[in-house]
Structure formats: structure tokens, C-alpha cells
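Please read them beside the model.

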Amino acid sequence: MRNLALSLAVLAFASAAQAQTPPPGHVVAVTPPPSPQVAPISAEQQRNVDRLRERALQSDLAWDIVEDLVTEIGPRLAGSPEEARARVWAEAMLRENRFANVRTEDFTIPFWHARRQEAFIVSPSRQYMVTAALGGSPSTPQGGLEAEVVRFADMAALEAAPNSAVAGRIVFIDERMTRTQDGSGYGAAVAKRGRCAPVAQAKGAVACLIRSVGTDPHRFAHQGGSSRQADGASLPAAAISPADADQLARLIARGPTRVNLNIEADIRDNAPSGNVIAEVRGRERPDEIIVLAAHLDSWDLGQGAIDDGAGVAIITAAARLIQDLPRRPRRTIRILLAGAEENGVHGGAAYGRMHANENHIVAAESDFGAGRIYRFRTRFSDAALPYGRAIQRQLAPLGINMGDNAATGGADTGALRAAGVPVVDLGQDGLDYFDYHHTADDTLDKIDPEALRQNVAAWAIFAYLAADSDWVFRATE
């Protein structure tokens, strides 16, 4: 039957071809389908791109940088003495790599740190739960607070619940996060981190617990949150590990379950933070700036290796490779190691305020771990899309495809993006990123050196082509 169908298909194709065959001597003009325009690059630029790709894939500079950061400094909570030590470390590292204009730009932030973060199931049996206080949570009364727990599948269920179902209880939001390659499941799942406290407080709850915002089944709690709870809330709030969330849900399904939550938080205003800046100065147009960003701070449960020590290492190693070319690019490449991203993107906002009048050509941030880059996205004017395709064509040997024109650029470039600066995303494979994100398991061993080298190659090629061209990525009048 299959052979018969194949024969019929061949016969039909032959008949169609014969019917379309022109008379002898007649020439038919065949018009190929239009292909997207790709901007050309010069022979020198091609040589430099090839050199950058080859050297990046053989270099361990990025590994050396992130290894030194997590070993010498470790976790770097925003506003803490450890974050201050990281700024000193970063300045020394950047000077050692011979960058220009190395400096720290200071600002202050609201500070939050959990000195104690514990939760116990106290009935029907006593069981310890792995817990992380959410950033901005106030302290509980001394010795903790104890109450019955009421479970909701998601924030919508809590919002629809009558006050009588919530008052005097600990709210537990048991929403799971969807695993995706691009991390898009995070946006939906993370809403409960900030929304649980204000909604539950308005309904009379005494505290909030959430299933950790992560994709793993392990007994690690995922931290996160801002330095102040939103909407005037002042409700103690914490995340529990996925394994403990499963256990708590099973107990609640069997009957009344009580939990003791104990949080002791240090909350202060005007803690010191800052952005560390360095540059590869442009040889012809130094006032035109390409921004490569990563954030220097981290939560303090783990080492801050994938979030965001890897990003710090990737952009620094990429810029160093460009600096080592026979001649510097035409435009300036600026490294932005932002402070205090985790508790409110304070560093990115401060950079946007301090540098609002400068000519930023394009910006991007590496802040999604160290998985292999698989996609290049832009946010350019339509007229500039051929430039994006030219960059992607040079990234293609690294296994990087062209994405859409809806890039976000990363949190610390948000102020620039809002001001109209074009941004790009070098999209990493994040299928397992949220297994470790904001947990005690964010450690150096989670970084694959080979994938790290691929990242450096991609960032070096993108940054070089943007900096050595006269391409304009935003709309011009």
C-alpha cells in the first residue's frame, strides 16, 4: 500500500512538471523567495570575529574569575560587608585585566538580612521544614508565631477566599513552577512571592508560606524578594522547600495542621552599595557606549556562582578578549557590575540616573547562569534588523539561532531600555537554572566550563561587532 501511494505521488509530480514545462526555446525567469537582509562586515572584522571565537573557546579566564569571586568572597548580600568586599575585589580584578576608567559609583539602599529563619510543623507531629525568609519580611514575635495553616493552590484561590477562611491562620500558597528552556515559567510563579503578604494581611492572616519558586523537587528553599514588602504589608513571609511543601500539603489534606514560624530580620535604611565600572575605550568614537552588564551581589544561602558570578565572569572575559585584539574597536565597551540587583535592581536604576545623558548604543546583561546560549534576540528598530542578523550569522557556528525582536536586555539594563536604548538577549539554556536559583545549592560546581567558554565567545562576538561598527540600532528621525 505504501509503495502504491509512493508511485501515485511520483506520477502526480511528473504530470505536474510536464504540464508546467515551457515550449522549446522559451526561457522562464525563476524568482527565488526573498531572504532577510544581512548587513555586511569587513574583512578585518571577520578576521577578528574568527579570532575571538577561537580564543574564547580555548580560554579559561571566565572560569578563573568566577572561581576567584566565589572562593575569596562567597555570598554577597546587597548592602552587606561582603558586597563591599566584592566591590574591592572587582576593582582589583578589572585593573589586573588592564581595563580603563575602573571605578565604583556609590549609592545607598534599604538593607534586609534574616538572622533567623525557621519553620516547624508542630501538629499533628513535630517536623522541621527547610525555610528561607523572603526578602523584606518583618520579624515574627520573639520565639515565633504559631497558627493553623490554610492551603491555596495559587494566588487566585487566595484572592477569592472569604476573610473568614484566612483570618488568624498562616496562608500557604502551594503553586508549582513550570520548567522551561527560556525561564518564562518564572514570571508567573514568582508573583506569589510579593503578593502573598499584602493579600493575606488584608484578609487577617498572621503569616505567609509559599512553595519555593523553583523547578526542583529537592530539600532546598529558594530565597528572593525586595527589601520592603509591597503595598504597605508587614506580614512575616517565608518560602519552604519543594519537598517540605509536598509534606505540608499531605498533612493538611489529612486534617488540621499547625506550624511555628520564627523569623528575626535586620532591617535598616541607607546601607552602602555601588556599581563597579570599567571600559575598553573606543579608538574613534569613545562617547558611543556598548553596555555589558552583570550583577555583583547575591543572596546568601549559596555562593552566588550561577547568580550571578557566572555573568560577571562572562562579560569581563569577553571584554578582555576584545581588548587584546590588534586594535581596539571604534566605540567604547563598558562593563557594568551592578550592585544590589537581588533586592530591587537598585544598581541598574542608579546607573540609569547617573548616566542618563550619555550616548548608549546597545545594552545587554548576562544574568541567567552559565548554560549554553542557544538564541540571539534583539529589540531594534525595523531598519536595524539586518544588523541583528549579521551578528547572529557570526554566532551561528556556536549553535545560536535567531530569535524575535522582543528582547528584554536583563534587569539591570531596564532603566536604559525604558529610556529607549536598544537591548539584546543572548538567551541561555535554563532548563535546570531554577533547580538552583536562590538556594544553598548555587555553588561553583553547577557551572560547566565548556558552556562558560561558549558564552564568552558569543558575548565577545556580539560586543565587538556592535562596538566596531557604525550601526545605529534605534529608530532615527
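1. In this predicted model, A310, I314, I315, A317, A318, L321 and I322 of helix α9 meet L452, N455, V456, W459, A460, A463 and Y464 of helix α14, contact meaning heavy atoms within 4.5 Å. By class, the contact of α9 with α14 has 13 nonpolar residues, one polar and no charged (nonpolar: Ala, Val, Leu, Ile, Met, Phe, Trp, Tyr, Cys and Pro; charged: Asp, Glu, Lys and Arg; polar: the others, Gly among them).

2. The axes of α9 (residues 305-323) and α14 (residues 449-468) come within 8 Å and cross at roughly 50°. Axes are lines fitted to C-alpha atoms over the stretch in contact, with angles from 0 to 180 degrees between N-to-C directions. The two helices are therefore oblique to each other (under 35 degrees is roughly parallel, over 145 roughly antiparallel, 65 to 115 roughly perpendicular, the rest oblique). The crossing of α9 and α14 is right-handed, the near helix being turned clockwise from the far one by less than a right angle.

3. Strand β8 (residues 258-280) pairs with strand β1 (residues 100-123) in the antiparallel sense over 19 bridges; pairing requires at least two DSSP bridges. T108 has P272 in β8 as its bridge partner.

4. β8 also runs antiparallel to strand β4 (residues 145-152), joined by four bridges, and L145 is bridged to L261 in β8. With strand β10 (residues 331-338), β8 pairs in the antiparallel sense over five bridges; the partner of V276 in β10 is L337.

5. Helices (H or I, at least four residues) and strands (E, at least two) are DSSP runs numbered from the N terminus. Residues are numbered from 1 along each chain as its sequence is written. Local features need pLDDT of at least 70, side-chain atom pairs count only at pLDDT 80 or more, totals for chains, interfaces and linings use all residues, and side-chain values use heavy atoms, without hydrogens and water.
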